[in-house]
Amino acid sequence: MSPALGRTVVGGFYLTMGGVHLGLVAADAQVYRHFADQALLPFVTDGWHDVFMADPEVWGLALMSGELLLGILLLVGGRAAVWGWYGVIAFHVLLMVFGFGFWLWSVPALVVLVWLAHRDPVLAGRPLGQRRDVGGPGAAAASDQAHAR
C-alpha cells in the first residue's frame with residue numbers, strides 16, 4: 001500500500017466515522033450512555049456520565065467534528081497530515097482507557113496506523129522541498145513511480 005493510499009484510506013475512514021456519529025446523535029444520543037461503563041479508571045466512567053451524558057448531543061457532535069477534522073487533515077496531506085497522524089494515533093491510545101474490550105480494536109489499529117504513518121513521507125523527516133506528497137495523493141504516487149525507475 002502506497003503512503004498516499006494509506007493516508008487516503010485512514011482519512012476516509014475518519015470522515016465516515018464522523019458521519020456515523022452524526023447519525024447516532026440524530027437517531028438517539030442516549031446510545032452513548034454505556035460507552036464508559038467498563039473504563040479502566042473510575043474517573044473516566046464518572047466523567048463520562050457527568051460531563052458527556054449531561055449533553056450527549058453536543059458532545060456527540062464535538063466527537064463527530066474531531067473525527068472529521070482528523071480525516072480532513074490526513075486527506076489534505078503535507079504538514080496537515082502530520083497532525084492528522086498524531087491525532088488518529090492519540091485517539092486510539094485514549095480509546096483504550098474505556099476498557100479492555102476496546103483494546104481488541106485499538107491494538108491492531110495502532111499497529112496498522114503506526115506502520116502507515118511511519119511509511120508516510122510527511123513523517124519521514126524529509127525537508128519540505130524533498131517531500132514526495134506536496135501535490136497531494138496523485139503526486140505522491142507519481143513520485144513513487146519515478147523514484148522506482
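Predicted model: local features only at pLDDT ≥ 70, side-chain atom pairs only at ≥ 80, totals over all residues.
**Reading burial, a salt bridge and the core**

Colleague: Which residue forms a salt bridge with Arg 7?

Modeller: A salt bridge requires a side-chain nitrogen of Lys or Arg within 4 Å of a carboxyl oxygen of Asp or Glu. The structure holds one, in which Arg 7 is paired with Asp 120 and the closest N and O atoms are 2.6 Å apart. Distant parts of the chain are linked in this way, since Arg 7 belongs to helix α1 and Asp 120 to the loop between α5 and α6 (137–148), 113 residues apart; helices here are DSSP runs of H or I with at least four residues, strands are runs of E with at least two, and both are numbered from the N terminus. Asp 120 is also buried, with a relative accessible area of 0%.

Colleague: Which residues does Asp 120 touch, beyond those up to four places away in sequence?

Modeller: With contact taken as heavy atoms within 4.5 Å, Asp 120 touches Pro 3, Arg 7 and Trp 85. The side chains of Asp 120 and Trp 85 are joined by a polar contact of 2.8 Å, where the term covers a pair of N or O atoms within 3.5 Å, within protein one able to donate a hydrogen and the other to accept it, with residues adjacent in sequence counted only if both atoms are side-chain atoms.

Colleague: Which residues make up the largest nonpolar core?

Modeller: In soluble globular proteins, nonpolar side chains tend to be buried together. A nonpolar core is a set of buried Ala, Val, Leu, Ile, Met, Phe, Trp, Tyr and Cys residues joined through side-chain atoms within 4.5 Å. The largest one has twelve residues, including Val 10, Tyr 14, Leu 74, Trp 85 and Leu 113. Two or more of its residues come from each of α1 (3–28), α3 (56–76), α4 (78–95) and α5 (100–119), and α4 gives the most, with four. Apart from this core lies another, of ten residues, among them Val 25, Trp 48, Met 53 and Leu 95. Val 10, leaving aside its neighbours within four places in sequence, is in contact with Leu 74, Trp 85, Val 88, Leu 113 and Leu 116.

Colleague: What do the buried residues of α4 pack against?

Modeller: They pack against α1, α3 and α5, and they include Ala 81, Val 82, Trp 85, Val 88, His 92 and Leu 95. Leu 95, buried with a relative accessible area of 13%, touches Phe 35, Phe 102, Trp 105 and Ser 106, not counting residues up to four places away in sequence.

Technical notes: Residues numbered from 1 in each chain as written. Heavy atoms only, no water. Buried < 20%, exposed > 50% of the residue type's maximum accessible area, 1.4 Å probe, protein only.
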